[in-house]
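Here's a quick briefing to read alongside the model. It starts with the overall fold, then moves on to one helix pair and the ligand site.

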Amino acid sequence: MTSEQSPTVHKGLVGVYADTTAVSTIDEPTNTLIYRGYPAAQLAERYSIEHIAYLLWYGDLPTAAEFDAFTSRIRAAYRLDPAVADWLATTRPDTHPMDLLRTAVSILGATDSSTPQLDRDTTLAQATRLLAQMPAVVAAIQRHRHAQPPIPADPGLGIAENFFHMCFDDIPSEPMVRAFETSLILYAEHGFNASTFTARVVTSTLADLYSAITAAIGALKGPLHGGANEAVMYMLQQIDSPEAAADWVRRALERKERIMGFGHRVYKHGDSRVPAMEKALKTVVAERGATDLLARYHAVQDAVYQAKQLLPNLDFPAGPAYYLMGFDIPIFTPIFAMARVTGWVAHVLEQRADNALIRPLAVYTGPTSRPLP
Ligand SMILES: CC(=O)SCCNC(=O)CCNC(=O)[C@H](O)C(C)(C)COP(=O)(O)OP(=O)(O)OC[C@H]1O[C@@H](n2cnc3c(N)ncnc32)[C@H](O)[C@@H]1OP(=O)(O)O
Ligand SMILES: O=C([O-])CC(=O)C(=O)O
């Protein structure tokens with residue numbers, strides 16, 4: 001490329017349409033997130049994460065018979081893979097759970113003889129295995145952090161209830177489980193976000209599903225993406241009282257720091273998922289009697305708006321909700337991953353069905369024509 005030609009660089013791919021998708025969209029006039037035609041917030045009130053996985057992968061909500069067959073396949077794959085269990089036992093309990101989950105998914109790929117097969121049916125079987133295994137891995141990690149052995153999955157329970165069972169040997173109240181299920185459904189899918197785009201880039205090389213999901217987990221880990229739900233909770237822990245919020249926010253902004261859980265690349269009038277997740281958070285607060293945390297949450301929200309007119313994203317209410325549900329803060333982003341695998345898989349299937357290698361260009365700014373030393 002010569003210097004006379006100056007192509008436009010779309011830094012961060014801001015505003016670039018990289019492909020088409022039929023998986024989800026945000027309806028701008030109503031600021032509504034839509035999964036295959038249905039508002040995500042409405043789905044979150046009535047359905048399970050299994051229904052949403054089916055919807056995203058197969059294009060329609062399942063009939064009762066389809067749902068039974070699908071959940072049977074998921075539950076048949078619930079048992080924590082022995083290769084992963086053995087390896088997890090050798091790891092340091094303070095290893096970051098996203099590193100453990102990423103490696104666990106890679107192990108699942110390395111031990112599955114069907115990994116190289118890219119056809120739709122095999123991919124859906126692998127995806128079903130991941131949907132079943134990822135919660136088992138995350139729950140085992142939660143327990144490994146406390147030197148506790150894994151609790152076997154209960155094939156009589158759905159994914160959300162089973163996750164509590166595998167983490168705590170206890171299932172909380174129905175409203176609490178509903179609040180968790182809501183979070184999983186709201187986290188399930190969000191267009192060409194960084195981790196989904198990563199999965200599509202990997203898929204575009206004709207690599208396998210496990211490689212795409214392993215890479216997507218890596219992309220989700222960063223605090224500008226999924227890692228923000230953990231960072232939100234660390235922030236709320238640093239702010240002692242609602243009165244301290246404005247000062248804390250002002251000082252952070254003076255240091256040019258990002259306030260975690262605020263702002264969004266796509267939403268400019270607020271994240272469409274926040275009202276539904278905030279309602280779920282309030283349910284959890286009522287169950288746990290944690291009005292002090294809710295007061296700090298609102299104080300930070302007000303302070304960030306006053307200082308910078310930034311609105312919260314889904315990670316802001318999800319962080320404190322997961323904390324009050326009893327999960328360790330470092331497993332918040334792995335929980336996001338075990339929900340988002342539904343969206344990642346839908347995009348892997350869509351990318352493969354009409355593939356083009358994703359390979360953009362860069363404007364070279366390095367030295368030219370240097371003689372060898
Ligand atoms: C589920 C999810 O993954 S949602 C995203 C979770 N991530 C976070 O919550 C991390 C905090 N938020 C952010 O860093 C950003 O809002 C992002 C990365 C999510 C989106 O940012 P972008 O669309 O790339 O916007 P960009 O980074 O260009 O920011 C635009 C302006 O808003 C500011 N800004 C945006 N978000 C924040 C924030 N959370 N705190 C402080 N300032 C912010 C930027 O500093 C910038 O200001 P400037 O123009 O004065 O320099
Ligand atoms: O869409 C994005 O860029 C990030 C996000 O909110 C998500 O992935 O849920």
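**Quick tour of the model**

The chain has 16 helices and three strands. Its radius of gyration comes out at 21 Å, close to the 21 Å that the globule rule gives for 373 residues, so the chain is as compact as a globular protein of that length. Keep in mind that this is a predicted model.

**Overall dimensions**
- Taken along the principal axes, the box filled by the C-alpha atoms is roughly 65 × 55 × 50 Å.

**Helix 2 against helix 3**
- Helix 2 covers residues 49–58 and helix 3 covers residues 64–76; their axes come within 10 Å and cross at roughly 105 degrees.
- Angles of 65 to 115 degrees count as roughly perpendicular, and that is therefore how helix 2 and helix 3 sit relative to each other.
- On the helix 2 side, the contact uses Glu50, His51 and Tyr54, which meet Glu66, Phe67, Phe70, Thr71 and Ile74 from helix 3.
- Sorted by type, the residues of this contact are four nonpolar, two polar and two charged.

**Around ligand 1**
- There are 19 residues around ligand 1, and the ones that come nearest are Ala228, Phe262, Gly263, Arg265 and Asn313.
- Where does ligand 1 lie relative to domain 1 and domain 2? Domain 1 (20–226 + 328–353) and domain 2 (228–323) both give residues to the shell, so ligand 1 lies between them.

Notes:
Residues numbered from 1 in each chain as written. Chains lettered and ligands numbered in written order. Predicted model: local features only at pLDDT ≥ 70, side-chain atom pairs only at ≥ 80, totals over all residues. Axes fitted to C-alpha atoms, helices over the stretch in contact; angles between N-to-C directions. Helix = DSSP H or I, 4+ residues; strand = E, 2+ residues; numbered from the N terminus. Parallel < 35°, antiparallel > 145°, perpendicular 65-115°, else oblique. Contact = placed C-beta atoms within 7 Å. Nonpolar A, V, L, I, M, F, W, Y, C, P; charged D, E, K, R; others polar. Near = placed C-beta within 6 Å. Domains from an automatic or database assignment. Rg over C-alpha atoms; globule rule 2.2 N^0.38 Å.
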